[in-house]
Every structure is written in structure tokens, then in C-alpha cells.
Amino acid sequence: MLKKINDHRSNGAFAKVAESQPAASVVVRPEERPISQESMIEKVWSCIEDKDAGVIGLYGLGGVGKTTLLTQINNKFSTTPNDYDVIIWAPVSKHSDVGKIQDRIGGNIGFSDAFWKSKSVDEKAVDIYGVL
């Protein structure tokens with residue numbers, strides 16, 4: 001039996017035995033279904049589909065439904081055909097730490113090892129930009 005195993009090992013190509021599972025392109029988030037946001041969802045979705053729109057800004061007072069709207073948009077990516085490879089949920093507030101936001105984005109695009117986390121904010125920005 002050991003001879004057979006040694007024969008298989010010497011004849012086989014075992015440089016890579018297994019691969020990591022690819023990350024889900026969209027992580028579906030739990031959502032509330034408030035009434036009367038459908039028109040706003042469609043308005044934002046049309047901006048997403050517009051190839052000339054580079055940035056979409058959502059703003060308003062606290063509690064008006066910005067996060068709820070974005071949750072619904074995020075989840076719509078999982079059920080609606082689109083041209084995006086990955087959707088990244090990265091909450092940002094007034095007092096957010098840029099490095100932590102970069103770590104979250106980096107984790108979604110394959111940068112999560114200790115070496116990457118030890119890089120400066122500028123180096124992380126270059127890496128993220130290179131992938132996106």
C-alpha cells in the first residue's frame with residue numbers, strides 16, 4: 001500500500017491540492033420593508049445603471065432611511081442582473097477610521113493577511129485602487 005502511495009506521489013502534480021472558495025459577490029443583508037421607498041430605490045438603481053454616473057451621493061438627517069435604502073439596493077444586486085463582480089458594504093460615518101474602512105474593503109477583494117493590514121493608508125489605497 002505504501003509503495004502505491006509513493007508511486008502516486010511521485011507521478012502526481014500536487015503543487016495545489018485545494019483552492020479557497022470565492023467570496024460571494026453580494027452579501028445579502030437583513031432588511032426592513034418601509035412603505036414608499038420603492039420610487040427612491042428605482043431612482044438610485046437607474047443611477048447605478050447609468051454608465052456616466054461615477055459617484056452616487058445619498059445624504060440626509062439621521063433616521064430618514066439612508067441605511068435602509070442602501071440595504072435594499074445592496075440586496076437588489078443579488079436578484080437583478082448587473083455588470084458588477086463584487087458589491088462591498090462599507091459603512092462610513094463622521095468619525096470613521098480610514099484604515100478600518102480600507103481593511104473592510106480589502107477583506108472583500110482578497111486582501112486580509114497581516115502583511116496587508118500592516119501597510120499604510122496610502123499603500124492600501126494603491127492596492128484597493130489597483131483591484132477596483
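In this predicted model, a residue is called buried under 20% relative accessible area, exposed over 50%, and partly exposed in between.

Q: Why is phenylalanine 111 called partly exposed?
A: The relative accessibility of phenylalanine 111 is 22%.

Q: What makes tryptophan 116 buried?
A: Its relative accessibility is 2%. The limit for buried is under 20%, and therefore tryptophan 116 counts as buried.

Q: Why is the pair of phenylalanine 77 and tyrosine 84 called edge-to-face?
A: A search of the whole structure finds three aromatic pairs. In the pair of phenylalanine 77 and tyrosine 84, the ring centres are 5.6 Å apart and the planes stand at 90°. Centres within 6.5 Å make a pair, and planes over 60 degrees apart make it edge-to-face, so this pair is edge-to-face.

Q: Why is the pair of phenylalanine 111 and tryptophan 116 called stacked?
A: The ring centres of phenylalanine 111 and tryptophan 116 lie 5.3 Å apart, with planes at 10°. Because planes under 30 degrees apart count as stacked, the pair is stacked.

Q: How do you know that lysine 124 lies over the face of tryptophan 116?
A: Lysine 124 is at 5.2 Å from the ring centre of tryptophan 116. The distance limit is within 6 Å, and the charge must also be within 35 degrees of the ring normal; lysine 124 is found to lie over the face.

Q: Why does phenylalanine 77 count as buried?
A: Its relative accessibility is 12%, and buried means under 20%, so phenylalanine 77 counts as buried. Phe77 also belongs to the largest nonpolar core, of nine residues.

Conventions. Residues are numbered from 1 along each chain as its sequence is written. This is a predicted model: local features need pLDDT of at least 70, side-chain atom pairs count only at pLDDT 80 or more; totals for chains, interfaces and linings use all residues. Side-chain values use heavy atoms; hydrogens and water are left out. Rings of Phe, Tyr and Trp (its six-membered ring) pair if their centres lie within 6.5 Å; planes under 30 degrees apart count as stacked, over 60 as edge-to-face and the rest as tilted. Buried means under 20% relative accessible area, exposed over 50%, partly exposed in between (1.4 Å probe, protein chains only). A nonpolar core is a set of buried Ala, Val, Leu, Ile, Met, Phe, Trp, Tyr and Cys residues joined through side-chain atoms within 4.5 Å.
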